[in-house]
Amino acid sequence: MSLRPCVLVLCLLLAAARCWAEEALPACPAGLTPEVVLQRLNALRAEPRPCGGAERAAAPALRWDLRLAAAAEAYAGELAQRDTLSHVGLRARSLRERLSAAGYLMSSAGENLAAGPESLDDALQIWLASAAHCQNLMAPELVDAGLACVAAPGRYQRFWVLHLGRSPRSSPDRSP
């Protein structure tokens with residue numbers, strides 16, 4: 001028997017396996033621009049809502065902060081690499097350390113994490129159903145936001161990180 005047919009069959013099998021693997025790779029939704037994220041977050045904050053047992057008043061609109069977005073992206077990447085969900089990081093253990101490493105000096109901050117949701121709306125619904133996460137979303141003192149989704153193969157496939165904060169200084173590097 002010639003090796004040529006065996007090599008051809010092997011190449012076809014490898015190509016098929018690669019296609020199946022590419023189809024199985026998770027992805028974060030397209031179009032998660034700062035404008036889209038802020039529109040969704042600010043629509044939630046515009047209405048009073050119950051968070052746990054407490055009614056929260058409407059909160060002021062959030063502003064996008066590039067440093068918070070960078071910190072969220074870095075931490076979502078770490079969570080995806082570890083395939084776990086935790087508010088304690090390996091590199092920067094606390095939220096304060098994560099934000100400081102990104103250049104954001106906080107006077108107050110909140111961090112919402114989710115593993116698995118396929119869309120921003122799904123992640124927001126999970127956070128609204130949790131008293132502590134809902135309180136972060138509705139906290140009037142938190143005025144800056146940055147969000148990231150990172151996809152990776154594994155148990156959860158998508159990791160969402162929302163960083164909310166207030167800095168004692170205003171920043172020229174805020175974008176829409």
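**Disulfides and salt bridges**

Modeller: Gladly! C51 and C134 form a disulfide (a pair of cysteine sulfur atoms within 2.5 Å), with their sulfur atoms 2.0 Å apart. This is a predicted model, where local features need pLDDT of at least 70 and side-chain atom pairs count only at pLDDT 80 or more, while totals for chains, interfaces and linings use all residues. Residues are numbered from 1 along each chain as its sequence is written, and side-chain values use heavy atoms, leaving out hydrogens and water.

Biologist: What is the handedness of the disulfide of C51 and C134?

Modeller: Look at the torsion about the S-S bond of C51 and C134, which is about -55 degrees. With that torsion, the disulfide is left-handed.

Biologist: How many residues apart in the chain are C51 and C134?

Modeller: Helices (H or I, at least four residues) and strands (E, at least two) are DSSP runs, numbered from the N terminus. C51 sits in strand β1 (residues 49-51) and C134 in helix α6 (residues 131-138). The pair links distant parts of the chain, 83 residues apart.

Biologist: Which pattern do the disulfides of the chain follow?

Modeller: The structure holds two disulfides, and the other one joins C28 and C149. C28 is in the loop between α1 (3-24) and α2 (34-45), while C149 is in strand β5 (residues 144-151). With bonded cysteines counted along the chain, the pattern is 1-4, 2-3.

Biologist: Is C28 buried, partly exposed or exposed?

Modeller: Buried means under 20% relative accessible area and exposed over 50%, with partly exposed in between (1.4 Å probe, protein chains only). C28 has a relative accessible area of 22%, so C28 is partly exposed.

Biologist: Why do the buried residues of α5 lie on the same side of the helix?

Modeller: In helix α5 (residues 120-128), the residues L120, A123, L124, W127 and L128 are buried. The arc is that of the directions from the helix axis to the C-beta atoms. These residues lie on the same side of α5 because they cover an arc of only 135 degrees.

Biologist: Which elements do the buried residues of α5 pack against?

Modeller: Contact here means heavy atoms within 4.5 Å. The buried residues of α5 pack against α2, β1, β4 (108-115), α6, β5 and β6 (158-166).

Biologist: Which residue forms a salt bridge with R40?

Modeller: A salt bridge is a side-chain nitrogen of Lys or Arg within 4 Å of a carboxyl oxygen of Asp or Glu, and the structure holds six. The one with R40 in helix α2 reaches helix α5, 81 residues apart. Its closest N and O atoms are 3.1 Å apart, and the partner is D121.
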